[in-house]
Each structure stands twice: as structure tokens, then as C-alpha cells.
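Hi,

Here is the structure I promised to pass on. Have a look at it first, and then read my notes below.

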Amino acid sequence: MGKKIKAVLFDLDGTLVNTLASLKRNMDLTMEHFSLEGVSLEETKKFVGVGTKKFVERSLEKNAQIWYEKAEKWEAKDEEKAMDLDLKGDEVMELYEEAYEYYRSIFPDNCTYKAEPYPGIPACLKRLEEKGISRVCITNKPKEEASIILDKVFASDSFTLVLGDNGKIPLKPNPDMLLTVCKELGISSEEAVMVGDTKTDLDAAKNAGMLSIGCLYGFRDKKELEEHGAKYLVKDGEELWQVLEENFLEK
């Protein structure tokens, strides 16, 4: 039985909103701009979760690795050719700053592409509001980007607070974002629960001394959620509400 809570903290991508198609689209357009290979849906699931910068970096690494692997094959036959291929990989990684800025520049036009709330989530948020429970979105993407998505997908009063990357506060899995929210709400970490779909969210909760709920419908699998300490696992927003009502809310 969990402690009665005053706030529920939600991750964004893969927890509140299915943004997989929009994330992939934004990165595909970015890679295409630099004549590079895009990302698959499965790669998108793996690459996201630790902020936009890491998503861009991992997508570039995928492309650079193509050249590095070619270089390895040539090392024994032609060392000079192998070095040239290695340099091509390095040149891909040197595009990082430009690629990141380009991704950010086209994000507003693409971030809501096929984005939709997961089943049962809007109703869960409404029920929490009726219970007087604070609803907070904590994401590793910049707040202005998160707000575009949330404003498009949910009612304007769905969230008490939205906290994102401001370039100052450490991102999840560091606990600072979660603890900052608790401080703003005037509650302890034991009076909140974190809901997320990746180890990044669950580790952040653990580091903050907070219980967590893992979303099986999100971007990662059951094994990852269990290994990183999810107290409960849910398959949709309706089941999330049931877990919250039965274990964390006043009757």
C-alpha cells in the first residue's frame, strides 16, 4: 500500500502522449537535411528519453557507425582508405550542433504529427483534478516544446505545472526536476508518485525517494520497468487510475 499522495508526476513522451511518429518525423527530416539516414520506429524508442540533445547525438552516431564499420573492414587491406572512412564518421559527429539547432527549428511544425493521448489518460487527469491532486508533467525536452504538444492534445487546465529542460536544472534520471516540483508544491517526495515509461523516469523517482508506476504501453518493455523499480505496472490510463485510486488516494 503506497502513501497517500498530493501530486502525480507524469513523463510526457510514451506516458501521456504517443509522440513516436512525430519524434521519428522530426528526426527523419533533420537527418535528410544533412543527407543522412533517418531512424526507424524501434530506433526512435531506444534513442529518446534522455532529452533532445541525446536523441540527436544517438541518431548521428547511428550514421557515423556506418562509416566506422566500413573503416574496420578496410584496416587490414588499406590503412589509408580506412582512415578516410573513419574521418567521414567523425565528420558526421561534427554536425551535432548544426543538427541539434535544425531539429529545434523544425520541431514546432512537426511535434504534433499524429500525436495523441494514450487511452484513458485524459479521463485519469480529470479524475485527479476532481480529487484535488496536482498533475505535473516533467519532461527532458524543453518546456516550450512540451507545451506545444500538451496544449494541442489536452484541455488547457489539465496540468498544475509543466517542467522541462531549461538548460540549468539537471535532467532525469537526476532527481532535481522531481524535487524542484515538490518544493514548488510544498510537499515531500513521499507525497508524490512518478509515472513513466522508461528507466530514466523510474531512476529519477528512485533517486528522489519517490515511488513510481511503469507504463507498459510506452516506449520500453516490461523488463526495463521491473528492473528499474516500478512499484506498479499499468497497461493503459484506466488501469493507471485504478492503481492510483486503490493505493495512493484518500477514499
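Why does Lys77 count as exposed? Because its relative accessibility is 62%, and exposed means over 50% relative accessible area, buried under 20% and partly exposed in between (1.4 Å probe, protein chains only).

Before the rest, some housekeeping. This is a predicted model, so local features need pLDDT of at least 70 and side-chain atom pairs count only at pLDDT 80 or more, while totals for chains, interfaces and linings use all residues. Residues are numbered from 1 along each chain as its sequence is written, and side-chain values use heavy atoms, with hydrogens and water left out.

**Charged patches**

Back to Lys77, which is found in the loop between α3 and α4. Helices here are DSSP runs of H or I with at least four residues, strands are runs of E with at least two, and both are numbered from the N terminus. Lys77 belongs to a positive surface patch, together with Lys70, Lys73, Lys81 and Lys88. The elements that give two or more residues to this positive patch are α3 and α4.

There is also a patch of negative charge on the surface, where Glu69, Glu72, Glu75, Asp78, Glu79, Glu80 and Asp84 gather. Again, the elements that give two or more residues are α3 (52-74) and α4 (79-93). The largest share, three residues, comes from α4. Glu72, for its part, lies in helix α3 and counts as exposed because its relative accessibility is 55%.

How the patches were defined: the residues have over 30% relative accessible area and no salt bridge, with like charges joined within 9 Å and nonpolar side chains (Val, Leu, Ile, Met, Phe, Trp, Tyr) within 5 Å. Lys and Arg count as positive and Asp and Glu as negative, while His and the chain ends are not counted. A charge is placed at NZ of Lys, CZ of Arg, CG of Asp or CD of Glu. The areas come from the Shrake-Rupley method with a 1.4 Å probe, and for residues only the protein chains shown count as cover.

**A covered strand**

Now for β6 (residues 192-196), where five of the five residues are buried. In a regular strand the side chains alternate between the two faces of the sheet. Both faces of β6 are covered, with Ala192, Met194 and Gly196 buried on one side and Val193 and Val195 buried on the other.

Which strands pair with β6? Strand β1 (residues 7-10) runs parallel to β6 and is joined to it by four bridges, and strand β7 (residues 211-215) also runs parallel to β6, with four bridges between them. Pairing here needs at least two DSSP bridges between two strands.

**Salt bridges**

The structure holds 17 salt bridges, each a side-chain nitrogen of Lys or Arg within 4 Å of a carboxyl oxygen of Asp or Glu. One of them is between the side chains of Asp13 and Lys141, at 2.6 Å from N to O. Asp13 lies in the loop between β1 and β2 (17-18) and Lys141 in strand β4 (residues 134-142), so this pair ties together parts that are 128 residues apart in sequence. Both Asp13 and Lys141 are buried.

Arg104 and Glu144 form another salt bridge, with their closest N and O atoms 3.0 Å apart. This pair links helix α5 (Arg104) to helix α7 (residues 143-153, Glu144), 40 residues apart. Arg104 counts as partly exposed at 23% relative accessibility, and Glu144 as partly exposed at 46%.

Then there is Arg127 with Glu238, where the closest N and O atoms are 3.2 Å apart. Arg127 is in helix α6 (residues 121-130) and Glu238 in helix α11 (residues 237-247), 111 residues apart.

Most residues other than glycine have a negative phi, and most peptide bonds are trans. The peptide bond from Lys172 to Pro173 is cis, with omega near 15°, and Pro173 sits in the loop between β5 (161-165) and α8 (176-185). Ser35 has a positive phi, near 60°, in the loop between α1 (20-33) and α2 (41-47). Lys114 has a positive phi too, near 55°, and lies in the loop between α5 (96-110) and β3 (116-117).

Cheers
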